[in-house]
Amino acid sequence: MSILEVSHISKSFGSKHVLSDINLTFEENKIYGLLGRNGAGKSTLLSVITDRNFANNGEVKIDSEDVRDNDSKLGMMYLMSEVNLYSNGSKLTQIIKDSESLYGGFNHELADRLIKEFGLDINQKFGKLSTGYNSIFKLILALCLPVQFVLLDEPVLGLDANHRELFYSELIQSYSDNPRTFIISTHLIEEVANIISDVIVLDQGRVILNQPVEDVLAKNHSVVGPEKDVKQYTKGLNVIGHDMIGNIRANYVYGDLDDRVLPDTVQLSNFDLQKLFIFLTNQYEGGTDNEDK
Amino acid sequence: MKTNKVTKFLFRKQIIGLGEMYVLLFAAFLVLPFIFSLISGSLSDYSLADQMRGTWVTAAFGIYMFAISTVSYENFKFLIQNGVSRPTFFNSQIIVNGLLILIGNTFNLAYQYLVLMPLVHAKNTNIFMSSYVGYFHNPFVGFIFNYLFSGLLLMVGALSGMVIGNFLTLFSKFIQRIILIVTPIVGYITVAYTASRVILDDRFQMTWVANFAKFILGYRSTGAYDPFPMIVTIVIMSVVMLLIVRYLFSKKQLKRE
Amino acid sequence: MKFEFNSSEPIYRQVAEQIEDAIASGGFEEGGQIPSTTEISKEFHINPATVLKGMNIAVSKNLIEKRRGLGMFVQAGARKRILSEKRSDFFDDFVENLVREAQNLNISEDELLALVKRGYQQ
């Protein structure tokens with residue numbers, strides 16, 4: 001059992017705080033969704049976890065051992081990211097060979113299938129790849145190298161709809177065949193909403209949500225009905241957003257409902273992760289405040 | 001654990017570069033002048049021996065060591081992507097440089113003893129030969145020390161290259177350019193100023209600076225040179241630079257580009 | 001199995017329900033094999049653990065069973081059990097709503113019964 005722990009990680013560029021006291025635990029064989037708007041600090045966090053960049057504070061541990069300057073722990077992770085760390089002049093076959101040697105293994109069977117399915121020309125040089133195939137090549141490495149932690153930063157960047165579909169299917173197949181921990185950072189929430197088991201939302205360098213998806217969805221309630229009744233019913237609850245059409249109001253509540261009686265005119269249902277994400281990261285104000293008036 | 005694999009990876013990349021460098025060097029210093037003489041019709045002026053003496057294999061090797069150090073960021077990127085730590089990168093690079101020095105030094109000396117000396121009948125083909133070889137009466141011991149001494153010189157050259165190269169790679173491309181432009185200017189002004197003062201001021205002639213330099217070079221009042229002070233100096237310099245390089249490696253991180 | 005997922009209910013419950021529906025409609029035949037967890041996961045991009053949780057609900061209801069090394073199979077009599085359960089839920093699921101909606105529209109009991117009769121005749 002391997003556990004990846006991030007404790008008290010802070011990082012700033014100049015006076016700008018990119019990460020503020022991040023504490024996270026990644027357990028074995030789960031698929032984590034790391035969500036956040038552009039500039040929320042997702043890439044920086046993944047970069048610090050894999051020791052590409054230094055944090056100002058805090059530490060990253062795998063099985064209680066610091067990963068910093070630690071070959072065996074760093075060798076348990078692979079981060080696929082937008083930044084290209086392979087040199088443009090290298091042939092793909094050479095990159096695979098060198099990566100296999102350094103990580104001590106490579107699933108050629110799977111790689112051959114993926115190369116075929118995605119239609120990747122493996123005899124090219126890395127620098128010649130289009131944005132889409134650049135992502136695809138790095139994804140193939142991520143799925144085929146023998147690591148316990150697969151970190152994917154915006155994995156489907158530049159992929160067309162068919163290739164995205166194929167990637168998600170292959171991700172699940174690979175995960176089923178060989179369960180390990182995935183951390184997927186993305187802003188395309190709907191595409192991964194049902195794939196991830198746990199959701200982490202980063203906003204302005206802080207963790208504002210870190211829960212199993214199932215628990216999160218159980219706390220999402222939309223309350224729809226005449227404005228007066230809805231307001232009455234949701235008074236004192238954690239309203240994180242609302243919609244209005246005419247006199248009909250939808251209040252979105254994140255949290256437990258108490259045992260107050262639901263008026264006949266008001267309907268209760270759930271809402272999805274995407275909506276929750278938008279409300280949480282929009283710094284919704286005017287929910288609870290308005291309710292008190 | 002990973003040091004072996006990383007060493008192999010770096011060695012394969014850099015030995016190929018070294019081979020290419022030698023080929024280029026010979027092409028530039030031997031073949032090109034020959035072609036030019038041929039074209040300009042002045043073939044009688046072309047002397048293979050002159051051209052070969054002008055081929056500074058040793059210096060070129062030092063420059064190559066500097067060059068591979070300045071591109072160490074490329075290797076860092078690939079290695080950190082593949083879960084290789086900074087200390088392992090450092091250890092492997094030092095081993096690779098050691099191997100390259102061994103190979104380069106052997107090649108350089110073989111070239112000097114087997115090609116250059118018979119061809120141009122020169123005895124002072126490098127610093128050691130021109131200054132220190134007289135210290136040893138046994139030609140075989142002289143050869144051994146020539147090998148050792150040249151190797152140490154290459155090591156110091158390689159380490160200086162590594163210090164400068166790895167220092168530069170800590171910065172963004174923009175800052176690197178500024179440093180590359182400003183440093184020579186500042187350096188030139190400083191040297192020119194100091195030199196002018198030293199030359200103008202007679203009192204400097206016989207001061208401790210000159211004595212110290214003589215001591216380092218191993219000058220004896222008999223007129224002969226003793227190689228040991230120089231060797232010790234080189235070793236001390238190497239250790240200091242090695243520590244600096246290790247520190248610079250530990251500071252490597254991904255740049256925001 | 002049509003598998004259209006919505007956000008109003010936990011996915012694992014929807015997985016269980018859709019397996020039930022497929023058995024009830026005859027899409028999954030009794031004694032026949034149903035798609036594996038991985039197949040369902042891959043097809044609909046759902047976390048395998050979630051699919052498994054849904055499957056386990058159907059297993060605990062004795063609708064499907066795991067045959068070691070082979071996969072999941074629909075149990076004998078599963079369709080009958082589902083239909084009888086649906087029958088017993090019919091009042092809660094449909095009648096109550098029907099009556100409430102009728103009352104909202106001021107449709108009397110006699111009128112509603114007449115409408116139900118008409119529905120049967122069509």
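Reader: Which residues does A:Leu151 touch, not counting residues up to four places away in sequence?

Author: Two residues are in contact if their C-beta atoms, placed from the backbone, lie within 7 Å. Here A:Leu151 touches A:Leu46, A:Ile49, A:Thr50, A:Met77, A:Tyr78, A:Leu79, A:Met80 and A:Ile183. This is a predicted model: local features need pLDDT of at least 70 and side-chain atom pairs pLDDT 80 or more, while totals for chains, interfaces and linings use all residues. Residues are numbered from 1 along each chain as its sequence is written, with chains lettered from A and ligands numbered from 1 in the order in which they are written.

Reader: Which residues touch the most other members of the largest nonpolar core?

Author: In soluble globular proteins, nonpolar side chains tend to be buried together. A nonpolar core joins buried Ala, Val, Leu, Ile, Met, Phe, Trp, Tyr and Cys residues through C-beta atoms within 7 Å; buried means that 20 or more other C-beta atoms lie within 10 Å of the residue's own. In the largest core, of 123 residues, they are A:Tyr78 and A:Leu151. A second, separate core of eight residues includes A:Val223 and A:Tyr252.

Reader: How many residues of chain C are in contact with chain A?

Author: There are 13, and they meet 17 residues of chain A. Helices α2 (37–44) and α3 (48–60) of chain C each give two or more residues to this side, helices being DSSP runs of H or I with at least four residues.

Terms used:
Buried ≥ 20, exposed ≤ 12 C-beta atoms within 10 Å, placed from the backbone.
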